[in-house]
Amino acid sequence: MQLRSFMSSKIHKAIVTEANVDYVGSISIDADLLDAAGLLPNEKVLVVSNTSGARLETYIIKGERGTGYIGVNGAAAHLIKPGEEVIIIAFTLSTEPVVPKAILVDKNNRFVCDLTERQAEFAPE
């Protein structure tokens with residue numbers, strides 16, 4: 001039995017609202033977005049900046065619900081700054097492919113739509 005790593009959840013095109021190098025690490029995410037994307041506090045995520053190209057791994061802290069808050073904390077704040085557009089991705093280990101939950105947010109980090117069914121539309125032919 002071979003375990004493979006599959007994308008399980010994604011928040012696409014979020015805007016970082018704060019970067020705090022003095023905080024103890026992690027990424028804080030509005031609880032509404034966590035629910036919409038199927039993400040959990042303390043879950044490991046890959047954060048990819050569409051703005052700078054920076055990539056980093058960290059864990060999630062649940063942010064205040066309804067605020068649109070995306071805060072990059074600790075050492076990660078040296079790599080990703082406020083105003084940068086990011087993709088936040090979680091993975092799971094499985095022997096079989098999984099159907100990921102992916103959402104798109106607007107510039108205020110408000111839910112726009114579920115991308116789960118639409119991801120194939122964006123793939124090159």
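In β9, Cys-113 is the bridge partner of Leu-104. Strand β8 covers residues 101-105 and pairs with β9 in the antiparallel sense, over three bridges. Two strands count as paired if DSSP finds at least two bridges between them. Strands are DSSP runs of E with at least two residues, helices are runs of H or I with at least four, and both are numbered from the N terminus. Five residues lie between the strands of this hairpin, and Asn-109 takes a positive phi near 60° there.

This is a predicted model: local features need pLDDT of at least 70, side-chain atom pairs count only at pLDDT 80 or more, and totals for chains, interfaces and linings use all residues. Residues are numbered from 1 along each chain as its sequence is written, and side-chain values use heavy atoms, leaving out hydrogens and water.

## The sheet

Nine strands form an open sheet with mixed pairing, in the order β2-β6-β3-β5-β4-β7-β1-β8-β9. β2 (18-20) and β9 (111-114) stand at the edges; each has a single partner strand, so one side of each lacks a neighbour in the sheet. From one strand to the next, the twist averages 30°. Axes here are lines fitted to C-alpha atoms (for helices, over the stretch in contact), and angles run from 0 to 180 degrees between N-to-C directions.

Strands β4 (residues 44-49) and β5 (residues 55-63) run antiparallel and are joined by five bridges. Lys-44 has Tyr-59 in β5 as its bridge partner.

## Thr-116

Thr-116 sits in the segment after β9. Thr-116 counts as buried because its relative accessibility is 18%. The cut-offs are under 20% relative accessible area for buried, over 50% for exposed, and partly exposed in between (1.4 Å probe, protein chains only).

Beyond its neighbours within four places in sequence, Thr-116 contacts Val-99, Pro-100, Lys-101 and Ala-102. Contact means heavy atoms within 4.5 Å. The Thr-116 side chain reaches the backbone nitrogen of Ala-102 at 3.0 Å. A polar contact of 2.6 Å links the side chains of Thr-116 and Asp-114. A polar contact is a pair of N or O atoms within 3.5 Å; within protein, one must be able to donate a hydrogen and the other to accept it, and residues adjacent in sequence count only if both atoms are side-chain atoms.

## Positive phi values

Most residues other than glycine have a negative phi. Lys-13, in strand β1 (residues 4-15), has a positive phi near 70°. Lys-13 is partly exposed, at 32% relative accessibility. Asn-42 lies in the loop between α1 (31-37) and β4. Phi of Asn-42 is positive, near 75°, and this residue is exposed at 59% relative accessibility.
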